[in-house]
Amino acid sequence: MIIHLKDLQDKQLIDQLAISNKAIWFKEAGNLVFVLPSAVKEIPVSLNEYTLQSWTLSDDIQLASRKYKSFTREVSWSDTITGGQTGHTVMIAGPCSVESEEQMEQTASLLLECGIKNLRAGAFKPRTSPYTFQGLGLDGLKLLDKMRTKYGFGIVTEVRDATNVEEIIEYADVIQIGAKAMYDHGILRRCGKANKPVLLKRGFGSTLQEFVQCAEFILSGGNHQVMLCERGIRTFETKTRFTLDLCGVAYLKENTNLPVILDPSHAMGYAYGVSDLARACVAMGVDGLLVETHPNPSVAKSDASQQLNYEEFRALMKTLNPIAKAVGREMI
Ligand code: PEP
Ligand code: MN
């Protein structure tokens with residue numbers, strides 16, 4: 001149950017009411033918000049006199065539920081606004097990993113040419129093997145920072161684990177929590193206190209319920225700038241790297257109030273399918289796309305098989321706007 005209470009000033013009283021009702025509380029836009037377990041179906045007597053409005057929810061998808069906020073939350077950073085009433089589908093593009101300054105400059109030229117405002121690239125890579133490229137770490141973040149300063153890009157970069165979360169919060173415009181880190185509670189709780197938008201990727205073995213509940217950790221920490229990213233789940237299929245769960249996307253759009261971003265690159269795992277999938281994603285009327293592109297994919301230090309080369313990326317970009325328009329949206 002979510003309850004909006006009168007704006008009490010006595011912190012001791014608020015804490016005492018919260019503890020006795022097993023509630024998490026925060027203040028948002030002048031509201032004092034209490035979130036109680038969803039098993040609570042009636043306003044507790046001790047909160048009665050302070051209650052302004054309440055919502056009874058059927059499961060622990062609460063702050064992210066459309067039953068609580070019927071509109072999609074707006075998330076904004078740098079020059080970008082998505083969600084809300086904007087109708088924007090934001091393109092976030094770049095290589096899997098930051099590899100060198102030259103590669104970052106090449107990425108910057110491509111993005112500028114295509115009118116793209118947001119650059120993605122990982123500096124702390126959560127690799128499947130410890131014997132492969134692990135990312136440039138802090139040096140990579142500094143290169144991303146340079147691209148932001150020089151060209152004004154919004155920077156989307158991932159946190160690998162709780163040991164680098166502070167650096168990512170400092171350097172990123174959007175904190176990406178990767179699929180393998182979705183369940184890292186150190187990261188989730190820290191991001192709940194961060195003053196930056198979070199792009200939460202779905203763990204590839206996670207249900208929609210588990211995915212959205214991870215977003216609840218961030219929301220209930222007081223950070224309401226959360227976007228959900230579907231990036232493919234593991235099924236019995238082995239011909240593609242993962243299976244992009246578009247049914248799940250329809251569920252998220254219908255039932256949650258968080259912007260939904262789609263990542264066809266990691267789902268497909270092979271460049272040949274990424275552009276078709278990206279078009280399908282835009283046709284679903286989503287709030288954003290995350291696409292990997294590399295100046296020379298064959299020598300990429302991570303995710304080489306799935307990154308579009310620049311020719312493929314340019315060709316894709318030309319096709320997206322008409323599709324976005326057909327579903328009442330605009331690519332930004
Ligand atoms: C990435 O975006 O490069 C990445 C590692 O993605 P995921 O966490 O979805 O595997
Ligand atoms: Mn990648």
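For sorting residues in this predicted model, Ala, Val, Leu, Ile, Met, Phe, Trp, Tyr, Cys and Pro count as nonpolar, Asp, Glu, Lys and Arg as charged, and the others, Gly among them, as polar.

**Exercise 1.** Find which protein groups lie at polar-contact distance from oxygen atoms of ligand 1, taking 3.5 Å as the cut-off, and state how much of the ligand the protein covers.

*Solution.* Take the side chains to start with: a polar atom of arginine 231 is 2.6 Å from a ligand oxygen, and an N or O atom in the side chain of lysine 125 is 2.9 Å from an oxygen of the ligand. Then turn to the backbone, where an N or O atom of alanine 179 lies 2.7 Å from a ligand oxygen. Of the 300 Å² of accessible area that ligand 1 has on its own, the protein covers 94%. As for its location, the ligand sits in the second largest pocket.

**Exercise 2.** Identify the protein donors of the manganese ion (ligand 2) and explain why Cys96 and Asp303 tie together parts of the chain that are apart in sequence.

*Solution.* The donors are Cys96 (SG), His266 (NE2), Glu292 (OE) and Asp303 (OD), at 2.1 to 2.4 Å from the ion, and their spacing in sequence reads C-x169-H-x25-E-x10-D. Because cysteine 96 lies in the loop between β7 (88-94) and α3 (101-114), and aspartate 303 in the loop between β14 (288-292) and α11 (310-326), the pair ties together parts that are 207 residues apart in sequence.

Note on methods:
Residues numbered from 1 in each chain as written. Chains lettered and ligands numbered in written order. Predicted model: local features only at pLDDT ≥ 70, side-chain atom pairs only at ≥ 80, totals over all residues. Heavy atoms only, no water. Polar contact = N/O pair within 3.5 Å; in protein donor to acceptor, adjacent residues only side chain to side chain. Areas by Shrake-Rupley, 256 points an atom, 1.4 Å probe, with all protein chains shown as cover. 1 Å grid on protein atoms, 1.4 Å probe; cavity = no way out; pocket = protein on both sides within 12 Å on 5 of 7 lines; lining within 4 Å. Sits in = over half its atoms within 2 Å of the grid points. Donors = N, O, S within 2.8 Å, 3.2 Å for Na, K, Ca; no water. Helix = DSSP H or I, 4+ residues; strand = E, 2+ residues; numbered from the N terminus.
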